[in-house]
Amino acid sequence: WSDSRATIAYQNLLDGRVEERKTDGPAVVFAEDDLGRSFAQMAPGEPAVTLGFDSAFPENVDDLHIFISCAEPAALDQLLSRCPESKLEDLVFLNYGDFLEPVLKKHNCGRDRQTQAVVYLAMNEYGKVEDERTSIGDDRMGVPKYAAETSVTGKWSGHFADRLNRHQFYCAELFYRDWRRVMLERVSFEAVYHLVGVLHKSVPVKEVHEYFPDEV
């Protein structure tokens, strides 16, 4: 039941690395998918500026963070190659279960200060954003437990969490080590369940564990 966050927080305090939590405000969004563009609509006040992946990085955005909604490592690689070095730490990467870490490290991103989010949101058939967070019952101590919880880490984590919370979506703010476990779990789930499903004539993901648990 030990919580590593308390230890990390105290060590950061001793090292003088405590920084002010950043709350939601203006941002820019690089996205070519409906879910990614939805983050621009969630901005306080006017919707955020949305750019395609072939667009140039905006100038004079020192006080902004930049969402990047991308599931294709090759496209992300090309986008980051055009990013000014001074803006790298203000990028917020939205992860939907793709293993982007090698590309991020190539461009000196992805460390503990980098803002990264494992996103468990989806667009429904009516074009509305839905939270995929699911109750899996209580643990042995009677504490409610959930699966598919959106989580974020890094410099702009407060900004991202506030944006989701304001629209009634769950988002946990985690230290990098704990967040990376969540990310690797999501990557593993997406890889394994979809592969097993496809091998059995496209069995829906929700039925994979019910009928093929040994293969999983």
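The following legends describe an overall view and several close-up views of one predicted model.

Residues are numbered from 1 along each chain as its sequence is written. In this predicted model, local features need pLDDT of at least 70 and side-chain atom pairs count only at pLDDT 80 or more, while totals for chains, interfaces and linings use all residues; side-chain values use heavy atoms, with hydrogens and water left out.

**Figure 1. Overall view of the protein chain.** The secondary structure comprises 7 helices and 11 strands (DSSP runs numbered from the N terminus: helices are H or I of at least four residues, strands E of at least two). The C-alpha trace spans about 55 × 45 × 35 Å along its principal axes. For 216 residues, a compact globule would have a radius of gyration near 17 Å, and the 18 Å of the protein chain agrees with this (taken over C-alpha atoms; the globule rule is 2.2 Å times the number of residues to the power 0.38). Buried residues account for 42% of the 216 residues (buried: under 20% relative accessible area; exposed: over 50%; partly exposed: in between; 1.4 Å probe, protein chains only). Of the contacts between residues at least 6 apart in sequence, 59% join residues at least 24 apart (contact: heavy atoms within 4.5 Å).

Figure 2. Helix H3 covers residues 73–80, and Leu76, Leu79 and Leu80 are buried in it. These three residues lie on the same side of H3, because they cover an arc of only 90° around the axis (the arc of the directions from the helix axis to the C-beta atoms). An α-helix has 3.6 residues a turn, so residues three or four places apart point the same way. The buried residues of H3 pack against strands S1 (27–31), S3 (65–69) and S4 (91–95), and against helix H4 (101–106). On the face of H3 turned away from its buried side are the exposed residues Ala74 and Gln78.

Figure 3. Glu190 belongs to helix H6, which runs over residues 176–199. Leaving aside residues up to four places away in sequence, Glu190 touches Tyr96 and Gly97.

Figure 4. Helix H2 (residues 34–41) contains Ser38. Ser38 counts as buried because its relative accessibility is 9%. Ser38 and Met123 are 85 residues apart in sequence, and their C-alpha atoms are 9.2 Å apart in space.
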